[in-house]
Amino acid sequence: MKLFTRLVVAASMVGTTVVPAAAQDLTGAGATFPYPIYSKWFSDYATKTGVKINYQSIGSGGGIRQLSEQTVDFGATDAPMSDAELAKAKGGPVLHIPTVLGAVVVTYNVPEITRPLRLDGTTLADIFLGKITKWNDPRIAALNAGAKLPASDILVVHRSDGSGTSYVFTDYLASVSTDWATKPGKGKEVQWPVGLGGKGNEGVAGQVKQLPGSIGYVELAYAKQNKLAYADIKNAKGQFVTPTIEAVTAAAAGAAAKLPANTDYRVSIVNAEGKGAYPISSFTWLLVYRNQTDAAKGRKLVDFVKWALTDGEKSAAALDYAPLPAAMAKQLIKQLGGVSLAAK
């Protein structure tokens, strides 16, 4: 964890520092969910090749906007672009390149609970809908026999910005709760019925860490880095599953085999049917224009993505991400061959 903490601190410094454009070969912006591993990748790649990449961790919504306006060379998102968003992208067709898989975990700050909390989808949805307001509610107690649950209020914490992490979380809630699917539904931004907002995974983790009685959702690495407790979630097979790399991999099992080459990789794997699958799992994507207007930058970007899908994947597990299935990585590298590099 000490190594991870140093990486996250270093990454934060890189992501929030304004660096002269001339000093950078490529610029990107977007999701906070994969920020720890992207920061390591950019550092390692600069050491290996000399190519410098400046990435701003501003949330998936911001990454999509900046890519669409062509103010960055690539975007990053945990929520695939909608057809409407793709149509508005000024640079033409956008490729969604899955990079790693991760888990969105339900984190909480309840000192009285001394073993991992167990939750199922409908109970979790009703907490975030404001229908369950006390930690000792009978529905929570029924899932946690023998646990000492306090009679204190539940304080919900959610994202305040356009967020791919929110998209994954609300995608899951909508898949297991009719009430949630009807309203608020799924999206990068939704109308939260209750709770406090925090900016970025960092903001939600910070709020939960500071506020006893709180519950929120963050990417697994942020929960671990902040030493926050996180819940076991009941999956589609009726198993209570702890979020681990293996459980995320189980959620993605078969995904590569079902997707032909040159396909649309905007796929959801929440509430997967696989045995041992953690139900709030997702791919995260880099967003790359198919038609690059700057040949030199386009070549550097394609070369970096190919490196990320091969050598970069080896770093995933150490930072609590699941690497892509090898077959999918091979498909994606082939797809990158279709990127058009315009002459200068």
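Leaving aside residues up to four places away in sequence, Glu 313 touches Trp 41, Thr 99, Val 100, Ala 308, Pro 323 and Leu 324. Contact here means heavy atoms within 4.5 Å. This is a predicted model: local features need pLDDT of at least 70, side-chain atom pairs count only at pLDDT 80 or more, and totals for chains, interfaces and linings use all residues. Residues are numbered from 1 along each chain as its sequence is written, and side-chain values use heavy atoms, with hydrogens and water left out.

Where does Glu 313 lie? In the loop between α13 (295-309) and β14 (322-323). Helices (H or I, at least four residues) and strands (E, at least two) are DSSP runs, numbered from the N terminus.

Glu 313 is buried, yet has no salt bridge. Buried means under 20% relative accessible area, with a 1.4 Å probe and protein chains only. A salt bridge needs a side-chain nitrogen of Lys or Arg within 4 Å of a carboxyl oxygen of Asp or Glu. The nearest side chain of opposite charge, Lys 314, is 11 Å away.

Now the rings. The whole structure holds 20 aromatic pairs. Rings of Phe, Tyr and Trp (its six-membered ring) pair if their centres lie within 6.5 Å; planes under 30 degrees apart are stacked, over 60 edge-to-face, the rest tilted.

Tyr 45 and Phe 304 pair edge-to-face, at 5.2 Å centre to centre and 70° between the planes. Tyr 45 sits in helix α2 (residues 35-49) and Phe 304 in helix α13, so the pair ties together parts 259 residues apart in sequence. Tyr 45 and Phe 304 are both buried.

Tyr 55 and Phe 74 are stacked: 6.3 Å, 5°.

Note on methods: Buried means under 20% relative accessible area, exposed over 50%, partly exposed in between (1.4 Å probe, protein chains only). Lys and Arg count as positive and Asp and Glu as negative; His and the chain ends are not counted.
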